[in-house]
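The exercises below ask you to read helix packing and chain contacts from a structure, one step at a time. Try each task on your own before you follow its solution.

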Amino acid sequence: MNTKVAAAVLSAGALIASLSACGGGGGGGGGGAAGAASDAKAKCSVPVTHADAPQVTVWAWYPNMESVVKNFNESHEDVQVCWTNAGQGADEYNKFQTAVSAGRGAPDVIMLEADTVPVFAIQDALVDLTEYGAEEVKGNFSEGAWKDVSSGDAVYAIPVDGGPMAMMYRKDIFEKYGITPPTTWDEYRAAAEKMKAAGGPLFGDFPSNVPAPTVALMEQAGAKPWEYDASDKTNLKIDLDSEPAKKVLDYWGGLVQDGLVGKQDQFTTEYISGVVNGDYATYISAAWAPGYLTGAGAGAGDDKGNWAVAPLPQWDPANPVAVNWGGSTFAVTSQAENKELAAKVAMELYADDASLEQGAKDQIIFPLNQSVLNADWFINNESEFFDGQTANKDVYIPAANAYKGSTYSPYSTSFYAEFTKQITAMNNGEKTGSQAAEDLHKAMVAYGKQQGFTVQE
Amino acid sequence: MAAQTDLRAAPPPPRERPGARGSGRPAGGWRQREDAKGWLFIAPFGAVFIVFLVAPLAYAFYLSLFTKGLATGTKFAGLDNYTRAFTDPAFLKGLWFVVKFSLVLIPVQMAVSLAAALVLDGMTSKFSRFSRLMMFVPYAIPAVIGALMWGFLYSPNFGPAQQLFGFFGLDAPVMLSPDNVFGALMNVVTWQWAGYYMIVIYAALQGIDPSIYEAAKIDGASSWQVALRIKIPMVASALVLILVFAVIGTLQFFTEPQILGRISNGAIPPDFTPNMYAFTTAFAFAQFNYASAISFSLGAVVFIGVYIFLFATRKRGSFL
């Protein structure tokens, strides 16, 4: 009750303060927006510790966000986080997009996946953090992780966690059919053929609804689908029909057409039940996958200890390439009232040892902060999901450190939607991987031109 | 008696005098006051109508006249967005789908609901009341919940279909595959709406004077003849009404494919129907201007479709 009264007084105070602040120019609109913002402040999911400190509103969906926010608020007296869970992934992005288009209603700091950062950066919805001391935390992250949130000289977000890719596989199934973990994609196909000939389950899965890992696999083969620099907003280079891109799509299209891998959409109950059932011998996935599968109920009970992880198969084992799928960041929105304070939150939220340790130990996130990547407890952690395998040391940390970073599409939502269509057509046998790559390229070039870009092909 | 005679004998009250002044102005004033009262009565509705329907529509139309690219600012485009919509393969494909869907779905839906209403109208047992309720229940279930439920029923892993087919040693068909998705959606929509339409027709049937049936029986008409020659023609206006509802609803098809799309392995893409396309274009692709144009284009198509239909059925329809 007391906190409610305090919050009400606070927000009334904030309202008056912001009203008088914008009295000079803003007028009614500005006052209304400030009112909406203080309204949001009254409804923090985790009560603030220091009620008299200024507050920064945050949208995020990390499963352990509650303790992360508590840790932050207890250790900061000059700023407090007011956190809301506005939905996961696309749900949050759609709300944010609406707030951006409306010009009001966005939080001060927002959790975004790395591949979504450019989508909002190009709409001037995010603040370039170089002005607010982003360089100071640059050293906490690998070069690749930092490149993912940068565009040219600008830095639009602070990384929290990443998704170095690897191949998870079912030890029990591999043993049963006498298969050793493949190290190249040729071996992967050969193993898949061997398993099918022996009457085994599907070797993997090629989903249409999550094209992000497929884009990463195209980059692993050497494709550079997008080239874009925020300092030169109207120029865009698209190369989705390159030889490596076609090679990867033809490879997976071939696996699907030969019945070696499934074509089930992922992040669905259907897929999870298949995983629990042992319908898929491998899962080409990222470092967050064990946590995701555990949360979804896989790897427990009879299923316990069946999974192991090996490095991602390569095209050229002499020159291995590490790629990344997913991972998220904190960005400061341009609607933030106090950008400096918001930037401080973006840099320090989920960056303290207690939060990172909890996130990493409970397999909620794969932290990108070097303080964790170099910590003994993290390196030597024996993963329960992988039956005691030191998965971080063997697979994930080397992959994270070798990752060179990517450039994501400035319209990745439309890109993924179109890619989903193309993969669906491939999976239904309507076109080959090469055709899909060409059609995807054409569609994205047309879209880019339509959006006013000067597109180089 | 005497009093009455007195009244009758009394001179006419001086009311006529103002009217007799001739110019008609006072009469007009009286009507104006009456008009003002009328407006006062519709004011609550009018306010809501303007704030929540006319104003958003006007704003959406205003939006649809501009374009905004990611790399460019907002600029006036006139009707360019409409030209783009009617040459956009995604929009046209979605439109063609809902038109096809309406052509197949609506007759099936009407046949099911009409048959059910006629059967229920002919029965007078307790069972008829129970079945009436049961048929109406799907309409009471929110469309989202209904779609989620059907998603479960269609699931090859969890759903009952696999067990049913497995009983005969067969593999259950994948209901949400590109080939089957048309039928799968038709099933969901018919399930959801047939009960509602049935109630509308049933109510109309109950409103028919039973003496007409008696007359028909005396003339030797069989039950079939009563149904086909009397009942159906007499509920024609109700049929026209639900047809219009169905045309409008189906052309704006959104909820069911939007929900089932997530588990359809790509068989239901985000531009499956024009409404889904408008939604995705606005809220995922941030193209509010083009989305407004798509919505208006769809609205125009629906309007034209319904108008043609009403024009064609105007002789029978009583509410036009």
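## Exercise 1: a helix pair in chain A

In this predicted model, the axes of H19(A) and helix H20 (residues 433-450) of chain A come within 10 Å and cross at roughly 155°. Work out how the two helices are oriented, and describe the contact of H19(A) with H20(A) by residue class.

*Solution.* Begin with the angle: a crossing of roughly 155° is to be compared with the cut-off, since angles over 145 degrees count as roughly antiparallel. H19(A) is therefore roughly antiparallel to H20(A). As for handedness, H19(A) passes H20(A) in a right-handed crossing.

Next, find the residues that make the contact: on H19(A) they include A:Phe415, A:Phe419, A:Ile423 and A:Met426, while on H20(A) they include A:Leu440, A:Ala443, A:Met444 and A:Tyr447. Sorted by class, the contact of H19(A) with H20(A) has ten nonpolar, three polar and two charged residues.

## Exercise 2: a helix pair in chain B

Helix H12 (residues 236-251) and helix H15 (residues 288-312) of chain B pack with their axes 10 Å apart. Determine their orientation from the angle, and then name the residues through which they touch.

*Solution.* The angle between H12(B) and H15(B) is about 160°, and, because angles over 145 degrees count as roughly antiparallel, H12(B) and H15(B) are roughly antiparallel to each other. Their crossing is right-handed.

H12(B) contributes B:Leu243, B:Val244, B:Val247, B:Ile248 and B:Leu251 to the contact, and H15(B) contributes B:Val301, B:Val302, B:Gly305, B:Val306, B:Phe309 and B:Leu310. By class, this contact of H12(B) with H15(B) has ten nonpolar residues, one polar residue and no charged ones.

## Exercise 3: where the chains meet

Describe the side of chain A that touches chain B, saying which helices supply it and which residue classes it holds.

*Solution.* Start with the totals: 31 residues of chain A are in contact with 18 residues of chain B. Helix H4 (90-102), helix H12 (269-277) and helix H19 (412-427) of chain A each supply at least two residues of this side of chain A, and the largest share, seven residues, comes from H19(A). Finally, the residues on this side of chain A divide into seven nonpolar, 19 polar and five charged.

## Exercise 4: the layout of chain B

Find how chain B is divided into domains, and how far apart their centres lie.

*Solution.* Chain B is divided into domain 1 (18-63) and domain 2 (81-312), and the C-alpha centres of these two domains of chain B lie 38 Å apart.

Note on methods: Residues are numbered from 1 along each chain as its sequence is written. Chains are lettered from A and ligands numbered from 1 in the order in which they are written. This is a predicted model: local features need pLDDT of at least 70, side-chain atom pairs count only at pLDDT 80 or more; totals for chains, interfaces and linings use all residues. Two residues are in contact if their C-beta atoms, placed from the backbone, lie within 7 Å. Helices (H or I, at least four residues) and strands (E, at least two) are DSSP runs, numbered from the N terminus. Ala, Val, Leu, Ile, Met, Phe, Trp, Tyr, Cys and Pro count as nonpolar, Asp, Glu, Lys and Arg as charged, and the others, Gly among them, as polar. Axes are lines fitted to C-alpha atoms, for helices over the stretch in contact, and angles run from 0 to 180 degrees between N-to-C directions. Angles under 35 degrees count as roughly parallel, over 145 as roughly antiparallel, 65 to 115 as roughly perpendicular and the rest as oblique. A crossing is left-handed if the near helix is turned anticlockwise from the far one by less than a right angle, and right-handed if clockwise. Domain bounds come from an automatic or database domain assignment.
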